[in-house]
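Reader: I have a model on my screen and a few questions about its packing. Can we go through them one at a time?

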Amino acid sequence: MESVDRRSKPRNIERITVAPLAAPAIPAAASALRRLYVVRFAFAIVWAVVMFTTASHLGPLAATLLVLYPLFDVFAALVDARSSRAAGSVLGLHVNVAVSLLAAIGVAIASASGIPAVLRVWGAWAIVAGLVQLMVAANRRKIGGQWPMIISGAISVLAGTSFIVMAGADDATLTSVAGYAIPGGIFFLVSALRLGRSAKEN
């Protein structure tokens, strides 16, 4: 009888100590993502407004802004990964960090070659980053508020393809790149609002 009691006690303790640990992970992740998405929305809108003022030519300000955008994406993905670790895998976010860092370097190099080169690099980044965003959002639907991110990722893939096509035009400008940030920012805001409801419900 003593051996049976010794085997049963650890299982009872495990039920008491392990189960509650995962309970707060999802609402905590939803709350952190909500704050991050609001910041990303504000950054995207401000960046787009400033970018529109210099989108007709590739000067020092435009080149700086073009490098800054993917670098901010690196920062946001790192913050996202840190706050979402308890709610699931963050491998996709680490992939996003690598892709966006390469994009920043690529855009910096392409800026010396002109707008068409920048559009090709930006388009390739938008395609890959969009696919990564789509997969990350799909994998963490349990957190809530991820459908806007899924849609945004799909739109990013289409937008990236259009940038590559636009690079072949004689009068290529950066206006489309500036416009690219606005829908993405709006989707971040919509997702933040939905995450707010998700955090309250959980």
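Author: Start with Asp-80, which lies in helix 3; helices here are DSSP runs of H or I with at least four residues, numbered from the N terminus. This is a predicted model, where local features need pLDDT of at least 70, side-chain atom pairs count only at pLDDT 80 or more, and totals for chains, interfaces and linings use all residues. Residues are numbered from 1 along each chain as its sequence is written, and side-chain values use heavy atoms, with hydrogens and water left out.

Reader: Is Asp-80 buried or exposed?

Author: Buried means under 20% relative accessible area, exposed over 50%, and partly exposed in between (1.4 Å probe, protein chains only). Asp-80 has a relative accessible area of 4%, so Asp-80 is buried.

Reader: Which residues does Asp-80 touch?

Author: Contact means heavy atoms within 4.5 Å. Residues up to four places away in sequence are not counted. That leaves Leu-33, Leu-36, Tyr-37, Leu-93 and Arg-140.

Reader: How do helix 4 and helix 5 pack?

Author: Axes are lines fitted to C-alpha atoms, for helices over the stretch in contact, and angles run from 0 to 180 degrees between N-to-C directions. Here the angle is about 175°, and the axes of helix 4 and helix 5 are 9 Å apart. Because of that angle, helix 4 and helix 5 are roughly antiparallel (over 145 degrees).

Reader: How many residues of the contact of helix 4 with helix 5 are nonpolar?

Author: Ala, Val, Leu, Ile, Met, Phe, Trp, Tyr, Cys and Pro count as nonpolar; Asp, Glu, Lys and Arg as charged; the others, Gly among them, as polar. In this contact, no residues are charged and four are polar. The nonpolar ones number 15.

Reader: How far apart in space are Val-99 and Val-128?

Author: Val-99 sits in helix 4 and touches Val-128, as well as Trp-125 and Ala-129, leaving out residues up to four places away in sequence. Val-99 and Val-128 are 29 residues apart in sequence. C-alpha to C-alpha, the distance is 7.6 Å.

How values were computed:
Helix = DSSP H or I, 4+ residues; strand = E, 2+ residues; numbered from the N terminus. Parallel < 35°, antiparallel > 145°, perpendicular 65-115°, else oblique.
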